[in-house]
Amino acid sequence: MYLSTHSTPLEASQEVADLIIDRIKAFGPTQKKKFVMCLPTGSTPLLVYKELAKKCREGKISFEHVITINLDEYVGLHPAHPQSYYHFMEENFDIPPKQVHLLPFQPIPPHTTHTESCAEYESLITSLGGIHLLFMGIGTNGHIAFNEPASSLASRTRMIKLDQDTRRANSRFFENSLSNVPTHALTMGIGTILEAQEIVLLALGDGKAQAVKEALQGGVNHLCPASALQLHENVIIVTDNEASKNLS
Ligand code: F6R
């Protein structure tokens, strides 16, 4: 595990954007395979997506040979809802829809179950040849994607009940009303995440400092899902000073 700390959120985000660009370029365009990149939503990746969009406009990077897969999605929010992750990606990541894969907000087709939709997502990842680069944030309670504390470190894509801590933290996106925040989400599992070839985790702000400390310097345990990253041999943690201030 490699840790890179920066003075500001902007510098940390620029490092992540540069890393993404570097990996896409190194992969190069091939006839058969696409670069498969897994992406988060939330406030953490916003500056990274802005930077990528800028580089794309400047012609320094192209997403033509990239496929994106998202880490998670709320259950029950229509894609048109401003806080659905479908909507978030449309707003923040400019790439043709046919190259984007998101977990369904409800079982699709309607007669299937969430279990079937999640199994299909796993099959999709396998059929794409796995994830080359997985970019993610971290929750204040140490969650990665929506794998809440006590998730199995071997978990696969599934439906999960969101912790009250997570719903409270995310209520800022829902007019500060806890009752507007969905109670459940679909999430890629920790086992699924650990199969990515490379993982980059971005943590910004002092709200993440305790989670970063437990993830990096606590033992590997299911009460801090991000600690599972210690089991992966190719992980880069990028932080600003605030998020790494508790590290010894
Ligand atoms: C979102 C996701 C979550 C967030 C985490 C931090 O797709 O996977 O794990 O990364 O909740 O959220 P922010 O970035 O809003 O602090």
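Predicted model: local features only at pLDDT ≥ 70, side-chain atom pairs only at ≥ 80, totals over all residues.
Next I zoomed in on one pair of strands. E2 covers residues 35-39 and E3 covers residues 66-70, and I get 5 bridges between them, in the parallel sense. Which residue of E3 is the bridge partner of Phe35? I looked it up, and Val66 is the one.

Then I went to the core. The largest nonpolar core has 66 residues. Which of them touch the most other members? My list reads Val16, Cys38, Leu134, Phe135, Leu201 and Leu202. I picked Leu134 to follow up: leaving out residues up to four places away in sequence, Leu134 touches Cys38, Ile193, Ala196 and Ile199. So much for the core.

Last, the backbone angles. Ala150 isn't a glycine, yet its phi is positive, about 85°. I place Ala150 in the loop between strand E6 (133-136) and strand E7 (158-161). Buried or exposed, I wondered about Ala150? Ala150 counts as exposed, because I find 10 other C-beta atoms within 10 Å and the cut-off for exposed is 12 or fewer.

Asn176 also went into the notes: not a glycine, but with a positive phi of about 55°. Asn176 sits in the loop between helix H5 (164-170) and strand E8 (184-187).

How values were computed
Residues numbered from 1 in each chain as written. Core = buried A, V, L, I, M, F, W, Y, C linked by C-beta atoms within 7 Å. Buried ≥ 20, exposed ≤ 12 C-beta atoms within 10 Å, placed from the backbone. Contact = placed C-beta atoms within 7 Å. Pairing = 2+ DSSP bridges. Helix = DSSP H or I, 4+ residues; strand = E, 2+ residues; numbered from the N terminus.
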